Every structure is written in C-alpha cells, then in structure tokens.
Amino acid sequence: SHNTIGNALLYECVKTITRIHPNHALLESCAEITARFLKAASHNLKYIGVDALGAVVRINAKFAQEHQMAVIDCLEDPDETLKRKTLGLLCKMTKPANIEVIVEKMISFLRVT
C-alpha cells in the first residue's frame with residue numbers, strides 16, 4: 001500500500017539524515033517524523049519510530065526530549081520486543097532534567113513485568 005511505502009521511505013530518510021547530513025533543521029524534521037511513528041496504532045510503526053528516534057538521539061538528544069512521553073507510552077504496548085527497544089532508548093534519552101520522570105516510569109514498568 002502507499003502508506004507502507006511512504007512510511008518506509010520516511011524511515012530510510014531519517015536513517016540517512018542521521019548518518020550522512022545531520023543538520024539542525026533536518027534533525028528537527030526527523031524527530032517530528034519519528035513522533036508520528038511512535039503515536040501510531042501499529043506495533044511495527046512504533047518499533048521503527050523507537051529505532052529512528054534512537055538514531056536521532058545518538059546525534060543530539062535534545063531533539064527527542066519533546067517526544068519523551070510518546071516514547072514512554074510505548075512501554076504500555078503488549079509487544080515485548082518493542083518494550084525492550086523502548087527501555088534502551090529511554091536510557092539514552094535520560095538527562096539530569098528528566099531522570100526522575102523516566103526512572104519512575106521504568107521502575108513502574110519493571111514492577112508490572
């Protein structure tokens with residue numbers, strides 16, 4: 001379908017930008033694209049959103065901060081692989097300003113599992 005192809009192209013664009021030409025405006029666009037993936041109903045889109053945002057975070061974590069709650073929401077997904085990938089991303093996103101929120105959500109998640 002067109003949607004699947006379009007999402008695949010967006011994902012590949014994000015990965016390319018973070019590897020080849022990570023400038024400020026493009027990284028902001030990448031973070032916005034990944035936020036749409038993170039908020040999708042599809043487990044697959046959430047997974048590629050977490051993966052793509054991880055690539056953005058490796059360049060500059062500040063672009064991911066405004067999408068922190070969308071990432072945290074991925075811990076509620078029933079897919080175990082997505083949950084593990086999300087925990088890894090949250091570790092990379094943790095900074096002094098957000099450590100309390102992220103650690104609280106991680107501990108809450110770990111108590112349930």
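**Salt bridges in a predicted model**

Q: Which side chains meet in a salt bridge at 3.2 Å, N to O?
A: The side chains of Lys46 and Asp77 do so; a salt bridge is a side-chain nitrogen of Lys or Arg within 4 Å of a carboxyl oxygen of Asp or Glu. Lys46 belongs to helix α3 and Asp77 to the loop between α4 (68–73) and α5 (80–93), so this pair links distant parts of the chain, 31 residues apart. Helices are DSSP runs of H or I with at least four residues, numbered from the N terminus.

Q: What kind of model is this, and how are residues numbered?
A: The model is predicted: local features need pLDDT of at least 70 and side-chain atom pairs count only at pLDDT 80 or more, while totals for chains, interfaces and linings use all residues. Residues are numbered from 1 along each chain as its sequence is written, and side-chain values use heavy atoms, leaving out hydrogens and water.

Q: Are Lys46 and Asp77 buried or exposed?
A: Both Lys46 and Asp77 are buried, meaning under 20% relative accessible area, with exposed being over 50% and partly exposed in between (1.4 Å probe, protein chains only).

Q: How many salt bridges does a search of the whole structure find?
A: The search finds four. One of them joins Lys15 and Asp51 at 3.3 Å, N to O. Lys15 lies in helix α1 (residues 2–20) and Asp51 in helix α3 (residues 43–59), so the pair ties together parts 36 residues apart in sequence.

Q: Where do Lys83 and Glu80 lie?
A: Both are in helix α5, three residues apart, about one turn of the helix.

Note on methods. Helix = DSSP H or I, 4+ residues; strand = E, 2+ residues; numbered from the N terminus.
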